[in-house]
Amino acid sequence: MTELGTLDDLPQDYRDALTAAGVAPLWPMMRNVLPHGKPNPITKSGYWSYDALRPLLLRAGELTPVEKAERRVLVLSDPGRGAGAMQATASLYLGMQLLLPGEAAPAHVHTPSAVRIIVEGEGGYTVVDGEKLPMHEGDLVMTPGGDWHDHGHDGGAPVVWLDVLDLPIFVTLEGSYATEGPLQAQRNRPDAALVEYTAAGLVPSRSRHRARRYPMARFPWERTEAALREIARYADGGIAEVDYVNPETGEDVLPTMGFTAMMLAAGQGESPPLRSSSAAFHVVRGRGRSTIDGKVIAWGPKDTFTAAPFAQIDHQAQDESFLVRAHDRPIQDKLGYYEERTR
Ligand SMILES: [Fe+2]
């Protein structure tokens, strides 16, 4: 491989003339954007223990009323980009959000999509286009881009959830914005997950939701866990994994982000192929250890950790464990470059 010329190879008067003309030579910086063989991610694996985050989040509840925050969130910043970075990987934003009893987070709509993984508490709910979605621990609740949503809390103890957004993609495109509005009127019926989409392979013939781009906005955890357990029974030592999909189309739940739930039996290990997607893992339940590009992460319930593209990942469960992996494979598929490499 030929060494490319550097800026220092060029005389100063020529460099000054280039700058004055608003141009720059490509060859000294070409390897930065087109490294050989695989990308060179800025993203570094991060780890956020819930035991450390929870008191900080509750303190935010004392310091900042929800009216002053709209969304009371602590952002999980990629260590590769530093504290305050509004992204956990190149494409994924992660934030831990707190709603206290009686509080409401006002209605808005925005271009990025959000998926919430409920971490703690009962009584919280999200209203998506007038549909009131209860939030139980482990549930996935989607507010796709373009859908109005607000949050409320009828319970008696703090409610916490992990927000996963494709925000960095929209920021890169300079396409991220929100519109605020009044709290939505709630329809007096259970959500589609409980009424219409109750079994895999069956969709209602006279759906009230089919016309929606995203007909199912809530994926109850108890169903996900039941599916994983059933698959695990016949997995012959392999691990049980399920993808969250749109029940009407079978496609990924969102155009940009994918979600995959995984069950590891006590003592079970898993070493996935090297994937071009980046990932955020959230521990719904369990305890174990993951090595990500040489960094050892000892995780417990409600913890969160991340992996960069093509990271070498080895999971080792200590107890029976359930993890949800958020990833950007769907947008990589659409861009035509998603790839898995054997190790
Ligand atoms: Fe929002």
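Reader: Where does Glu70 lie?
Author: Glu70 lies in the loop between helix 4 (66-69) and strand 2 (73-75). Bear in mind that this is a predicted model.

Reader: What makes the backbone of Glu70 worth a remark?
Author: Its phi. Glu70 is not a glycine, yet its phi is positive, at about 65°.

Reader: Why is Glu70 called partly exposed?
Author: Its relative accessible area is 34%. Buried needs under 20%, and exposed needs over 50%. Glu70 falls in between, so it is partly exposed.

Reader: Which other residue has a positive phi although it is not a glycine?
Author: Glu174 is one, with a phi of about 55°. It sits in the loop between helix 5 (167-172) and strand 11 (178-181).

Reader: How do you know whether Glu174 is buried or exposed?
Author: Set the value against the cut-off. Glu174 has a relative accessible area of 76%. Exposed means over 50%. Therefore Glu174 is exposed.

Reader: What about strand 11? Where is Thr179?
Author: Thr179 lies in strand 11. Its relative accessible area is 38%, so it counts as partly exposed, between the 20% and 50% limits.

Reader: How far apart are Thr179 and His110, in sequence and in space?
Author: They are 69 residues apart in sequence. From C-alpha to C-alpha, the distance is 6.4 Å.

Reader: On to the metal. What makes a histidine a donor of the iron ion?
Author: Distance. A donor here is an N, O or S atom within 2.8 Å of the metal. The NE2 atoms of His108, His110 and His149 lie 2.1 to 2.2 Å from the iron ion. That range is inside the limit, so these atoms count as donors.

Reader: What spacing do the donors of the iron ion follow along the chain?
Author: The spacing is H-x1-H-x38-H.

Reader: Are His108 and His110 buried or exposed, and how do you know?
Author: His108 has a relative accessible area of 9%. His110 has 12%. Both values are under 20%, so His108 and His110 are buried.

Reader: How many aromatic pairs does the structure hold?
Author: It holds 4 aromatic pairs.

Reader: Why is the pair of Phe281 and Phe305 called stacked?
Author: The ring centres are 5.0 Å apart, which passes the 6.5 Å limit for a pair. The planes meet at 20°. Stacked means under 30 degrees, so this pair is stacked.

Reader: What does the pair of Phe281 and Phe305 tie together?
Author: Phe281 is in strand 17 (residues 279-285), and Phe305 is in strand 20 (residues 304-307). The pair therefore ties together parts that are 24 residues apart in sequence. Phe281 and Phe305 are both buried.

Reader: How do you know that Trp299 and Phe305 form an aromatic pair?
Author: Their centres are 6.3 Å apart. A pair needs centres within 6.5 Å, so this one qualifies. The angle between the planes is 15°, under the 30 degree limit, so the pair is stacked.

Reader: Why are Trp299 and Phe305 called buried?
Author: Trp299 has 2% relative accessibility. Phe305 has 0%. Phe281, Trp299 and Phe305 make up one aromatic cluster.

Reader: Which residue lies over the face of Tyr125?
Author: Lys132 does, at 4.2 Å from the ring centre. The distance limit for such a contact is 6 Å.

Reader: Why is Arg285 called partly exposed?
Author: Its relative accessible area is 36%. That lies between 20% and 50%, so the label is partly exposed.

Reader: How many cavities of 30 Å³ or more are there?
Author: The search of the whole structure finds 4.

Reader: What is the make-up of the lining of the largest cavity?
Author: It has 9 nonpolar, 2 polar and 2 charged residues.

Reader: What about the second largest cavity?
Author: Its volume is about 50 Å³. The lining includes Glu241, Glu270, Arg275 and Arg325. Glu and Arg count as charged, so these residues belong to that class. By class, the lining has 4 nonpolar, 1 polar and 4 charged residues.

Terms used
Residues are numbered from 1 along each chain as its sequence is written. This is a predicted model: local features need pLDDT of at least 70, side-chain atom pairs count only at pLDDT 80 or more; totals for chains, interfaces and linings use all residues. Side-chain values use heavy atoms; hydrogens and water are left out. Donors are N, O and S atoms within 2.8 Å of the metal (3.2 Å for Na, K and Ca); water is not among the atoms, so sites may look incomplete. Buried means under 20% relative accessible area, exposed over 50%, partly exposed in between (1.4 Å probe, protein chains only). On a 1 Å grid over the protein atoms alone, a cavity is a set of points where a 1.4 Å probe fits but cannot get out, and a pocket is an open set with protein on both sides within 12 Å along at least five of seven lines; lining residues have an atom within 4 Å of a point. Grid points are joined across faces, edges and corners, and a volume is the space filled by probe spheres set on the points. Rings of Phe, Tyr and Trp (its six-membered ring) pair if their centres lie within 6.5 Å; planes under 30 degrees apart count as stacked, over 60 as edge-to-face and the rest as tilted. Helices (H or I, at least four residues) and strands (E, at least two) are DSSP runs, numbered from the N terminus. A charge sits over a ring if NZ of Lys or CZ of Arg is within 6 Å of the ring centre and within 35 degrees of the ring normal.
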